[in-house]
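Me: I would like to learn how to read a few features of a model. Please take me through them one at a time.

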Amino acid sequence: MSDLRTHAAEIAEQFSDHLDVSEDEVEERLRNLVEEYRVPVEEARRSVVNSYLDEADLERDEIGRGGNDEVHLTDIDEDEQWIDVTAKVVELWEPQNEAIAQVGLLGDESGRTKFVAFETSDLPELEEGAVYRLGNVVTDEYQGNFSVKLNRTTTIEKLDEDIEVGDDAVTVEGALVDIQSGSGLIKRCPEEGCTRVLQNGRCSEHGDVEGEFDLRIKGVLDDGAAVHEVIFGRETTEELTGIELEEAQQLAMDALDTSVVVDEMRQDLVGRYYRVSGPELGRYVLADEVERLTEPADPEAVLIKARSI
């Protein structure tokens, strides 16, 4: 079965209880996007699914993908993937939003990942310290940190066993030789459960939205032997730069240009040495703890290194 045919079969199965849609019809729509408009397969799939969701007047968490792989938590490296996991509820937190039923940390042998369950999903509550097989959860990404969302289609099976939760934290250090695009003052989608960074005022999931301001740095540390890509979230970015979100917004407003914020950060940060600790998520290290080690390196040498990346 071709790749497009496989996607078409899964989509048709997803909507079989809601729409009269055939595999042939779905495959034709996918093929049109992929071959005529050169849309990547996963993006084409997302577009077709969204159109059927609108047609059926359904929310995304009311359907599942089917045929999920069971994966380890720290192997999650893509957004919007339907997966199965077996994990222990390491910790539960007090929800800060009335729309959230439960939020906390799941853990397995590979490490830990945040989970969220929304009130509208109407799921049984998970117990701290218990182990569950969770079927049909969907991955989410925020500031390079992947999490899972429980939804209406999620199946929950409590297991009579224990899991020794692994530690996925790493420590890297080196000179900050580059601050990548997508850093500084950014806007995120304000829709519930969505934290995607907007591109030209548009969310890949929800289309044109107003957006909410946030701060982050996507940086590259070089230790002389290897480079490490690091993401600093709002809290660590504010701590590192001394620029808080409100000040960053004012800088951008005064200059009528958001790029002045990352330019300001680059002047102060590039060339200095840092020690960063946090979970390794895909190709990124998410900075939970940051320590500045020395004065700036030679600016010319750092510039040469940055240009070579």
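Reply: Start at the end of a helix. This is a predicted model, and in it Asp-57 comes after α3 with a positive phi, near 55 degrees.

Me: What are the length and reach of α3?

Reply: Compare the span with the expected one. α3 has 16 residues, and the distance from its first C-alpha to its last is 22 Å, close to the 22 Å expected at 1.5 Å a residue.

Me: Which residues of α3 are buried, and where do they pack?

Reply: Take the list, then look for the partners. Ala-44, Arg-45, Arg-46, Val-48, Val-49, Asn-50, Tyr-52 and Leu-53 are the buried residues of α3. They pack against α1 and α2.

Me: Arg-46 is in helix α3. Is Arg-46 buried or exposed, and what is it in contact with?

Reply: Relative accessible area under 20% counts as buried. Arg-46 has 17%, so it is buried. Leaving aside neighbours within four places in sequence, its contacts are Arg-60, Glu-80, Ser-204 and Glu-205.

Me: How many aromatic pairs are there, and how is the geometry read?

Reply: Ring centres within 6.5 Å make a pair, and the angle between planes sets its class: under 30 degrees is stacked, over 60 is edge-to-face, and the rest is tilted. The count here is 1 aromatic pair. It is formed by Phe-15 and Tyr-52, with ring centres 5.5 Å apart and planes at 50 degrees, so it is classed as tilted.

Me: Which charged residues lie over ring faces?

Reply: Look for a Lys or Arg above a ring. Arg-29 lies over the face of Tyr-52, 4.7 Å from the ring centre. Lys-187 lies over the face of Phe-213, at 4.8 Å from the ring centre.

Me: How should I read the largest nonpolar core?

Reply: In soluble globular proteins, nonpolar side chains tend to be buried together. In this chain the largest nonpolar core has 22 residues, and Val-230, Leu-269 and Val-276 touch the most other members. At least two residues of this core come from each of β8 (169–179), β12 (212–222), β13 (227–232), α5 (245–255), α6 (259–269) and β14 (273–281). α6 gives the largest share, 4 residues.

Me: What does Val-276 touch?

Reply: Exclude residues up to four places away in sequence and list the rest. Val-276 then touches Val-170, Thr-171, Val-172, Leu-221, Val-230, Phe-232, Val-285, Ala-287, Glu-289 and Val-290.

Me: Is Gln-199 buried or exposed, and where is it found?

Reply: Read the location with the accessibility. Gln-199 is in the loop between β9 (184–188) and β10 (202–203), and it is exposed, with a relative accessible area of 57%. Its C-alpha is 10.0 Å from that of Cys-189, 10 residues away along the chain.

Me: What are the totals for the chain?

Reply: Take them in turn. The chain has 7 helices and 16 strands. Of its 309 residues, 48% are buried. Among contacts between residues at least 6 apart in sequence, 60% join residues at least 24 apart.

Terms used. Residues numbered from 1 in each chain as written. Predicted model: local features only at pLDDT ≥ 70, side-chain atom pairs only at ≥ 80, totals over all residues. Heavy atoms only, no water. Phe/Tyr/Trp six-rings, centres within 6.5 Å; stacked < 30°, edge-to-face > 60°. Lys NZ or Arg CZ within 6 Å of the ring centre and 35° of its normal. Buried < 20%, exposed > 50% of the residue type's maximum accessible area, 1.4 Å probe, protein only. Core = buried A, V, L, I, M, F, W, Y, C linked by side-chain atoms within 4.5 Å. Contact = heavy atoms within 4.5 Å. Expected span 1.5 Å × (residues − 1).
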